[in-house]
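Please look through the structure shown here, and keep the sequence at hand while you read the paragraphs that follow.

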Amino acid sequence: MNDTIYAISSGAPPAAIAVMRLSGPGAFAAVERLAGTLPQPRRASLRTLRAGDEVLDRALVLLFPGPATATGEDLAELHLHGGRAIVRAVSDALAAMPGMRPAEAGEFTRRALFNGRIDLTEAEGLADLLAAETEMQRRAAIRAAEGGIRRLVEQWAARTVQLSALVEAALDHADEDDVSSADSNLAELIAELSREIDGVAARPGSERLRDGVRIVLAGQPNAGKSTLLNALVDRDAAIVSPLAGTTRDRIEVPIMRNGIAYLLIDTAGLNETPADQVEEIGIARARQSIGQADLLLWLNDVPPPAEPVPVLWLNPRSDLPDRDAEPERLSVSALTGEGMAELWQAIEEAVAALLPAPDAVALNQRQRMLASAAASHLRAASSEPDQLLQAERLRAAMRSFHAITGAIDVEAMLDALFGQFCIGK
Ligand code: GDP
């Protein structure tokens with residue numbers, strides 16, 4: 001942490017502009033050496049950068065004094081011309097200065113986390129934001145990066161601290177008369193918080209937004225699965241052939257539609273009498289894919305499997321004369337396009353229930369597991385008659401909250417809070 005780090009924070013050169021960021025105790029001294037003088041903080045200043053007598057570039061220089069910066073340290077930005085040789089020459093000049101080194105991946109964010117500028121949920125949101133490709137991904141990620149999850153968890157933690165204080169107070173007055181009605185009220189408040197947290201943890205998580213909704217096409221051989229997949233993704237991704245058993249392994253195609261990421265998965269036909277071992281393996285993998293589907297497109301004359309997966313039962317190749325439309329099946333023809341718009345509509349309706357609501361805070365799996373753990377500690381606390389154990393369970397819930405936000409020193413925080421909280425003392 002005593003090192004000053006630097007890195008190109010914009011895209012890879014060549015580009016019109018390359019933004020070199022410097023963070024750490026030596027950031028301003030490094031800028032002063034390059035620019036000759038130190039520009040005013042928080043002002044864009046045009047400066048000639050030199051290494052010795054050599055002019056490197058003419059650049060826009062910005063200084064942000066810590067700790068109120070993105071990293072919590074002194075932070076400088078050099079907006080260079082984005083040529084490779086310029087970027088290399090400035091990097092070399094910085095590398096030659098004592099205490100300077102190139103940043104590791106994510107190190108600016110790690111320093112922000114270490115210095116308390118952001119918490120872990122915001123760092124996770126930031127990572128998702130940088131990776132976001134769809135509108136839904138961007139919205140969920142910016143909400144997390146801007147502290148939506150942190151604020152929710154802090155609110156849960158604050159309520160738990162208050163409840164802990166009430167438990168401690170009850171402990172202090174344990175020898176006094178009838179406190180049992182206060183106790184049951186307290187138990188109900190704890191149970192209420194636990195139910196609320198369970199409710200949030202049970203909501204659809206942010207993974208499906210990030211990784212894509214898994215739509216599996218499965219059914220009998222030659223049903224038209226590969227052709228339908230190609231029609232859904234609008235390009236030739238899967239091999240189409242009139243020979244049964246052409247799709248021997250899973251084909252996965254990521255697509256984006258109306259702001260949602262999907263992963264379409266073609267599978268081997270579920271042949272009752274596989275011709276060889278390769279087909280057998282393909283069928284086993286198809287069954288595995290069905291089990292992992294978020295939504296199953298079932299192209300088969302026999303009813304779908306009893307898997308706990310939402311299913312759309314299709315009547316494919318509906319343009320062929322021998323196809324009888326059955327009311328519970330959606331008729332589609334990849335060839336004529338009949339039913340394709342209806343199919344997409346049905347997919348979007350089925351998928352809406354699997355994705356976080358557009359304005360809701362969506363937790364990722366790590367956050368959901370810890371939130372559930374906190375909720376179960378609270379549930380245990382609510383039914384715990386022994387107040388010492390009840391207090392301990394509330395502390396365990398606090399540890400889960402702090403694991404979500406990445407805070408470490410739980411006990412110190414609790415001590416500080418209880419210090420201000422003088423109930424009857
Ligand atoms: P899969 O084995 O289930 O993947 O089936 P394919 O997509 O390979 O299709 C099997 C055969 O049916 C191929 O000859 C396709 O050209 C044909 N086929 C697929 N979809 C349609 C369709 O909508 N209409 C018609 N008429 N033929 C289709």
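This is a predicted model: local features need pLDDT of at least 70, side-chain atom pairs count only at pLDDT 80 or more; totals for chains, interfaces and linings use all residues.

Which residues bring α9 and α11 together? From α9 come Leu228, Ala231 and Leu232, and they meet Met340, Leu343, Trp344 and Ile347 of α11. Sorted by class, this contact of α9 with α11 has seven nonpolar residues, with no polar and no charged ones.

Six strands make up an open sheet with mixed pairing, and their order is β8-β9-β7-β10-β11-β12. The edges are taken by β8 and β12 (330–331), each of which has a single partner strand, so one side of each is left without a neighbour in the sheet. Helix α11 packs on this sheet, where it touches β7 (213–219), β8, β9, β10, β11 and β12, and its direction makes about 145 degrees with that of β10.

Two of the pairings in the sheet can be followed in detail. Strand β8 (residues 251–257) pairs with strand β9 (residues 260–266) in the antiparallel sense over seven bridges, and Pro254 has Leu263 in β9 as its bridge partner. The hairpin of β8 and β9 has two residues between the strands, and in this hairpin Asn258 takes a positive phi near 45 degrees. Strand β10 (residues 295–299) and strand β11 (residues 311–315), by contrast, run parallel and are joined by four bridges, with Trp313 in β11 as the bridge partner of Trp298.

Elsewhere in the chain, helix α4 (residues 120–131) has twelve residues and reaches 17 Å from its first C-alpha to its last, which is close to the 16 Å expected at 1.5 Å a residue. Within α4, Thr121, Glu122, Ala123, Glu124 and Gly125 are buried, and what covers the buried residues of α4 includes α3 (107–114), α5 (135–145), α6 (148–172), α12 (365–382) and α13 (387–405). In helix α13 we find Ser400, which counts as buried because its relative accessibility is 7%, a value under the 20% cut-off. Leaving aside residues up to four places away in sequence, Ser400 touches Leu370, Ala373, Ala374 and His377.

The backbone deserves a look as well. Most residues other than glycine have a negative phi, and most peptide bonds are trans. Arg42, in the loop between α1 (27–35) and β3 (45–51), has a positive phi near 55 degrees, and with 48% relative accessibility it counts as partly exposed. Asn222, which lies in the loop between β7 and α9, has a positive phi near 65 degrees and is partly exposed, with a relative accessible area of 32%. Where are the cis peptide bonds described here? One runs from Pro13 to Pro14, with omega near 0 degrees, and Pro14 is in the loop between β1 (4–8) and β2 (17–23). Another joins Gly66 and Pro67, with omega about 5 degrees, and Pro67 has its place in the loop between β4 (54–64) and β5 (75–81).

Stepping back to the whole chain, there are 14 helices and twelve strands, and of the 425 residues 44% count as buried.

Technical notes
Residues are numbered from 1 along each chain as its sequence is written. Side-chain values use heavy atoms; hydrogens and water are left out. Contact means heavy atoms within 4.5 Å. Ala, Val, Leu, Ile, Met, Phe, Trp, Tyr, Cys and Pro count as nonpolar, Asp, Glu, Lys and Arg as charged, and the others, Gly among them, as polar. The expected span of a helix is 1.5 Å times one less than its number of residues. Buried means under 20% relative accessible area, exposed over 50%, partly exposed in between (1.4 Å probe, protein chains only). Two strands pair if DSSP finds at least two bridges between them. Axes are lines fitted to C-alpha atoms, for helices over the stretch in contact, and angles run from 0 to 180 degrees between N-to-C directions.
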